[in-house]
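Colleague: I'd like to go through this model with you and ask how you know what you say about it. Could you put it up on the screen?

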Amino acid sequence: MRNTLTRIAFVVTAAAAAACSPGTLPGSPSPILVGGAGGKYNGSITYRRLGGNYTITEAVQQLKLSLTLRDVNQITGSFQTGESSGTVQGVLTGDMSNGSFDVTVLIVTTARQGGTTSSCEGRGQATGILSGLNLTWTAGSIAYDNCPGLRVSSQADAIAVSPIPDVSPAQASLVITVLGGATVPRGTCAAGVAGYPFTVEMSETAGVNVTFDSRFRIEERHGAGGVSASELDMPFGTINGGTRRTYATCSPVAGTYQAFFSGTDARGNRIRVASPVVTLAP
Amino acid sequence: MTNRYVALLALACALLAPMPAAAQIDDPSWGIAGGFSPQWAVPGDWLAGLFDAQRIDVKGPEFRLGIVRGTTLGGEWGVSLIHKRLSKESTVAVTGTNDVLTVVANDAEMLGVEAHRFFPFARVNKVQIGVNLGGGIAQLRGFVTGTYVGTTSTNFTLPFPDAIGVTGRKVDWIPVGRAELAAATLVGERLKVRVSGGFNMPGFQVVSLSFSYLLGQDK
């Protein structure tokens, strides 16, 4: 009996040792896969001041960027660097492993002037390329409304470190998308007039309530004309964390449409987001 | 329209026709009350200022249900739950701080509580002529569509109070009230039917039909 138990213990010990030997562990980690519905990227970014009597940090800063692919070809995300943070909203051509994007960047940058440090709120367009794990981004000019004259450019390189976008629980994540995609074909407006009807969806994905500013901004381009901007009273004051709201829009003429929203979340963070530039196809 | 006048005339004849005396409830008694108004409406823009609106065209039916205390041949007072529905044709042009939001009622209503008192000042047989006064408060509920009309139109589906919120004011509750000229008659021993018309905040109504059924002991 004792011999039998000894033999069983030996066999179990040998099997356990074999199972735990380095030779049976996974030989190498699974490679990061990109090309799905988003990704988390780490890299570096540099800013260059183009104008204005402010100073900004122009040394290389660490970049953490998360991108999510939304309805059809819309891409949204958020980023953080040493002295800036912001959101991006735009459209993707191709896919997340082999494509390019054109996004609106809404950014808050720390800038200094005469010993005073300011949080400057800027806006610009950025284009980028996604190639395998690599991401590059170029923003030619970012202008800051509340820091007059300040304009910067930026250049970023990053590598995908996870296929799962990062969601910060510390602040609200407000995402603006256009149902059906950012290219709208000709259809019929509510009054039966021919036009370009589309629905804009606002969703909060981090579970944090957002209180909107009293107005939101719409920028439109009709035909060959320039961009016309208008500010409308925000018809609802808040969006609860984890919920979504929609509104319907219809333009009788072809062109582009983009909406900008701002507010403050329940944790006191300033929130600024935009819809992608909606193309009202001729 | 002719049919409506004929129906009102027939109802008036029925109310004013002499009736045999029946048992009465002379001591104040509790009872149940209800009512229906086929349409109340806010005419013109006379209440526009109250809601910071450029234009108000709101109408809809009203239902009431509650308790009442009174006598069969005297006055009465009561408290009722009131429900005023806004028809889908109801529109309000709300003046915001920057724009005008045109609001169309999709599924909007006012739900509230109102106390009323009927004061009879004349009696012809079993018909009482008097005034019905009331006041209370109602909550704005349901959803509306708010539209910014421009080259590009923008439509929001909103909770009813939010639509008024573009004025910068939060309005969840509004006062309600009534001041109506009324005629009431006893049908049977306990049922009192009243026809009235007049002011019905936030509008007016041409006709409203009410009933009260007293539960007390006959004498």
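Colleague: What phi does A:Gly114 take in the hairpin of β5(A) and β6(A)?

Modeller: A positive one, near 55 degrees, and that hairpin has two residues between its strands. Bear in mind that this is a predicted model.

Colleague: How do you know that β5(A) and β6(A) pair?

Modeller: Two strands pair if DSSP finds at least two bridges between them. Here 16 bridges join β5(A) to β6 (residues 116-131) of chain A, so they count as a pair, and they run antiparallel. For one spot to look at, A:Asn98 stands opposite A:Ser131 in β6(A).

Colleague: And what makes β6(A) and β7(A) a pair?

Modeller: That pairing rests on nine bridges, with β7 covering residues 134-144 of chain A, and again the strands run antiparallel. A:Gly122 has A:Tyr144 in β7(A) as its bridge partner. In the hairpin between β6(A) and β7(A), there are two residues between the strands, and A:Gly132 takes a positive phi near 60 degrees.

Colleague: What makes the strands of chain A a barrel?

Modeller: Eight strands close up in the order β1-β2-β3-β4-β5-β6-β7-β8, with antiparallel pairing. Neighbouring strands of this sheet are turned by 25 degrees against each other on average, direction ignored. One of the pairings is β2 (residues 61-69) with β3(A), over six bridges. There, A:Leu69 stands opposite A:Ile75.

Colleague: How many helices and strands does chain A have?

Modeller: One helix and 20 strands.

Colleague: Which domains does the assignment give for chain A?

Modeller: Domain 1 is 38-162 and domain 2 is 174-280. Their centres, taken over C-alpha atoms, are 21 Å apart.

Colleague: How do you know that the two domains touch?

Modeller: Residues are in contact if their C-beta atoms lie within 7 Å. The contact takes 14 residues from domain 1 of chain A and 15 residues from domain 2 of chain A. On the domain 1 side, β3 (74-80), β4 (84-95) and β5 (98-113) each supply at least two residues. The largest share, four residues, comes from β4(A). By class, that side has four nonpolar, seven polar and three charged residues.

Colleague: Which residues is B:Val94 in contact with?

Modeller: Leaving aside neighbours within four places in sequence, B:Val94 has contacts including B:Phe51, B:Leu101, B:Ala163 and B:Ile164.

Colleague: How many residues of chain A are in contact with chain B?

Modeller: 17 residues of chain A, which meet 18 residues of chain B. On the chain A side, β14 (215-222), β15 (227-233) and β17 (244-251) give two or more residues each. The largest share, five residues, comes from β17(A). The chain A side divides into nine nonpolar, four polar and four charged residues.

Methods
Residues numbered from 1 in each chain as written. Chains lettered and ligands numbered in written order. Predicted model: local features only at pLDDT ≥ 70, side-chain atom pairs only at ≥ 80, totals over all residues. Domains from an automatic or database assignment. Nonpolar A, V, L, I, M, F, W, Y, C, P; charged D, E, K, R; others polar. Axes fitted to C-alpha atoms, helices over the stretch in contact; angles between N-to-C directions.
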